[in-house]
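Reader: I'd like to learn how to read a structure like this one. Could you walk me through it, feature by feature?

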Amino acid sequence: MDAKLYSDIHNFVQHGTLPLDFPSTKSNFVTTCSHYTVNSKGFLCRDGKVVVHENELEKLWSQYHDHTGMNNAWKRIKAK
C-alpha cells in the first residue's frame, strides 16, 4: 500500500481524522477504512494481517521468499 493511503487510513481508524482529499468519495473512503484495524503495536491490519508499506515490500519479499528446494539442490551439488 502506498504511504499516503496507509497514513490516511491509519489516521482515520486510530483517531477518526478524515484526510483533506479522498481517493474517490468520502463514503467510499469510510467504507474502505471499516475493513482495517490498528493492532496493539500500532500497525495497520486487514483481516488480522499487518498491511505492508509499498517501500518495504521488496525487502520483506527477499527476506521471506526463499526457494528452499532450489537452495537445497545447489547445496547438494556443491557438496559433491
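Reader: Let's start with Tyr6: which residues does Tyr6 touch, leaving out those up to four places away in sequence?

Author: Contact here means heavy atoms within 4.5 Å. By that rule Tyr6 touches Met1, Phe43, Leu44, Val51 and His53. Before we go on, this is a predicted model, where local features need pLDDT of at least 70 and side-chain atom pairs count only at pLDDT 80 or more, while totals for chains, interfaces and linings use all residues. Residues are numbered from 1 along each chain as its sequence is written, and side-chain values use heavy atoms, with hydrogens and water left out.

Reader: Which residues make up the largest nonpolar core?

Author: First the idea: a nonpolar core is a set of buried Ala, Val, Leu, Ile, Met, Phe, Trp, Tyr and Cys residues joined through side-chain atoms within 4.5 Å. Buried means under 20% relative accessible area, exposed is over 50%, and partly exposed is in between (1.4 Å probe, protein chains only). Here the largest core has 8 residues: Tyr6, Ile9, Phe12, Phe29, Cys33, Tyr36, Leu44 and Val51.

Reader: How many helices and strands does the protein have?

Author: Helices (H or I, at least four residues) and strands (E, at least two) are DSSP runs, numbered from the N terminus. This protein has 4 helices and 3 strands, and from the N terminus the elements run α-α-β-β-β-α-α.

Reader: In what order do the strands sit in the sheet?

Author: Two strands pair if DSSP finds at least two bridges between them. The 3 strands form an open sheet in the order E1-E2-E3, with antiparallel pairing. Strand E1 (36–38) and strand E3 (49–50) are at the edges with a single partner strand each, so one side of each has no neighbour in the sheet. Strand E2 (residues 44–46) pairs with E3 over 2 bridges, and Val50 in E3 is the bridge partner of Cys45.

Reader: Where does H1 lie relative to the strands?

Author: For angles, axes are lines fitted to C-alpha atoms, for helices over the stretch in contact, and the values run from 0 to 180 degrees between N-to-C directions. H1 lies across E1 and E2, at about 70° to E1.

Reader: Back to H1, then. Is Asp8 buried or exposed?

Author: Asp8, found in helix H1, is buried, as its relative accessible area is 12%. A polar contact is a pair of N or O atoms within 3.5 Å; within protein, one must be able to donate a hydrogen and the other to accept it, and residues adjacent in sequence count only if both atoms are side-chain atoms. The Asp8 side chain has such a contact with the side chain of Lys4 (2.8 Å). Beyond its neighbours within four places in sequence, Asp8 is in contact with Pro19, Asp21 and Phe29.

Reader: And Thr25, where does Thr25 lie?

Author: Thr25 is in the loop between H1 and H2, and a relative accessible area of 37% makes Thr25 partly exposed. The Thr25 side chain makes a polar contact with the side chain of Ser27 (3.4 Å), and a polar atom of that Thr25 side chain lies 3.2 Å from the backbone nitrogen of Asn28.

Reader: How many disulfides does the count come to?

Author: A disulfide is a pair of cysteine sulfur atoms within 2.5 Å, and the count comes to 0. Cys33 is buried at 3% relative accessibility, and Cys45 is buried at 6%.
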